[in-house]
Amino acid sequence: ATDIKADGFRFIGGKQAVNRATQFYNQQNFSEEFFKVLWDWLKYGDGYIWVGGVSSVYGMKLRAKEKFKVDLNFDEDVPTQIKYVPTTTMNIIHDGKKITKFRQTVSANPHPLDFPVEDIIHASLLPNKGKVYSFSPTHSYLTEMNILGYLKDYAGTFFKNGGVPDWMFVLPNEMAGSPNHKNMITMLQTYKNPQRKHGNLVFAGDVTATQIGLDLKSIDISSLTILLTSVFALAHNMPAGRVASLIGAKVKTGSGGDDLANEGYWSKIAEHQDRHENWLNYQLFEKFFDVEIKFNRAWKTNEIKEQQRNAAAIANITKLNAELSNRY
């Protein structure tokens, strides 16, 4: 989400149109609202922006004129505000052929709120069997996310309980509640404290100690965590070089292979930017402000290659023209 909008944006159009769009962008805190949409878009596969557009504003103006008999100076040609709409509250209503409206349902309001299609910018990530709701790569590793959560809980509980694995102490010749039994319980509780876990235990009588749990080394949490994190990264085409800084030096990447992975990743980011530009321009900026929003590309390598290609092409054309002029 950060990489998609990390390098900023620019508006393309006439000077006055760009100024109007920029003012609207700043007043509505568009960057923050768009970032929320990106988070939902990546988590759930769908993102929604409400645009207080022509239908909403024009309806407000008509109701105000009818109720108060005054003419409010609304400009029904441009939206008045935009807001991020949480994906988990939205339902897509359709007739089997096309989307007819969007319906928001929240627990605090017993009455659903319906939005016209033109008032909602719907960003869909991946198509899912022709359904109106999209699919996110995040859905593919929900099991891995749960396992990672269980690993963290296990490690936390392990250290919370004193850093000692579970053992069973058997006193075959003692009765429950005997002095030796009570003395053992007291000493085990004392040495359970992490500050006292290193020391000597002295018991009287016959004692058999049997390990019945696994320690952290047996589970190899480190390798399993790296594996799970790699699955997360792979789902979003993230190169290993980006992950290596997060999970340590165990991940080794070759310069050549990682360069190709980086190029593929940033190409995917550029594709995401293109799609969001189309949605925003078609339903907001180009439609109402006569400008186009363009996200700057943080990955400059492709642009440099294009410039080098253009420079070589111009040099070849210039050389060819010179040869033709000399010939004729």
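User: In this predicted model, does Asp3 count as buried or exposed, and at what relative accessibility?
Analyst: The model is predicted. Asp3 sits in helix H1. The cut-off for buried is under 20% relative accessible area. Asp3 therefore counts as buried, at a relative accessibility of 12%.

User: Which side chain does a polar contact join to that of Asp3, and at what distance?
Analyst: Asp3 touches Arg242, Tyr265, Trp266, Ile269 and Gln273, leaving aside residues up to four places away in sequence. One of these residues also makes a side-chain polar contact with Asp3. The partner is Tyr265, at 2.5 Å.

User: How much space lies in the largest pocket?
Analyst: Rolling a probe the size of a water molecule over the atoms shows where empty space is left. For the largest pocket, that space comes to about 800 Å³.

User: Which residues are the closest to the centre of the largest pocket?
Analyst: The lining of this pocket has 28 residues. Elements giving two or more residues to the lining are helix H1 (2–5), helix H3 (30–44), H5, H8, H9 and helix H10 (255–289). The closest to the centre are Leu42, Tyr141, Phe232, His236 and Met238.

User: How many residues of that lining are nonpolar?
Analyst: The lining divides into three classes.

User: Are the rings of Phe11 and Tyr25 stacked or edge-to-face?
Analyst: The ring centres of Phe11 and Tyr25 are 6.1 Å apart, and the planes stand at 80°. Planes over 60 degrees apart count as edge-to-face. So the pair of Phe11 and Tyr25 is edge-to-face.

User: How many residues apart in sequence are the parts that Phe11 and Tyr25 tie together?
Analyst: Phe11 lies in strand S1 (residues 9–12), and Tyr25 lies in helix H2 (residues 15–27). Phe11 is buried at 11% relative accessibility, and Tyr25 is buried at 12%. The pair ties together parts whose separation in sequence is 14 residues.

User: Are the rings of Phe34 and Phe295 stacked or edge-to-face?
Analyst: The centres of these two rings are 5.5 Å apart. The planes of Phe34 and Phe295 are at 15°. Planes under 30 degrees apart count as stacked. The pair of Phe34 and Phe295 is therefore stacked.

User: How many residues apart are Phe34 and Phe295?
Analyst: Phe34 is in helix H3, and Phe295 is in strand S10 (residues 292–295). Phe34 is buried, with a relative accessible area of 2%. Phe295 is buried too, at 5%. The pair links distant parts of the chain, with a separation of 261 residues.

User: Which residues do ring pairs link into a cluster?
Analyst: Both pairs described above belong to this cluster. Its members are Phe9, Phe11, Phe24, Tyr25, Phe30, Phe34, Phe285, Phe289 and Phe295.

User: Is Lys129 buried or exposed?
Analyst: Lys129 is in the loop between strand S7 (120–124) and helix H5 (142–160). Lys129 has a positive phi of about 60° although it is not a glycine. Its relative accessibility is 78%, and the cut-off for exposed is over 50%. Lys129 therefore counts as exposed.

User: What is the phi of Asn237?
Analyst: Asn237 lies in the loop between helix H8 (221–235) and helix H9 (240–247). Asn237 is partly exposed, with a relative accessible area of 41%. Although Asn237 is not a glycine, its phi is positive, at about 60°.

Conventions. Residues numbered from 1 in each chain as written. Predicted model: local features only at pLDDT ≥ 70, side-chain atom pairs only at ≥ 80, totals over all residues. Heavy atoms only, no water. Helix = DSSP H or I, 4+ residues; strand = E, 2+ residues; numbered from the N terminus. Buried < 20%, exposed > 50% of the residue type's maximum accessible area, 1.4 Å probe, protein only. 1 Å grid on protein atoms, 1.4 Å probe; cavity = no way out; pocket = protein on both sides within 12 Å on 5 of 7 lines; lining within 4 Å. Points joined across faces, edges and corners; volume = space filled by probe spheres on them. Nonpolar A, V, L, I, M, F, W, Y, C, P; charged D, E, K, R; others polar. Polar contact = N/O pair within 3.5 Å; in protein donor to acceptor, adjacent residues only side chain to side chain. Contact = heavy atoms within 4.5 Å. Phe/Tyr/Trp six-rings, centres within 6.5 Å; stacked < 30°, edge-to-face > 60°.
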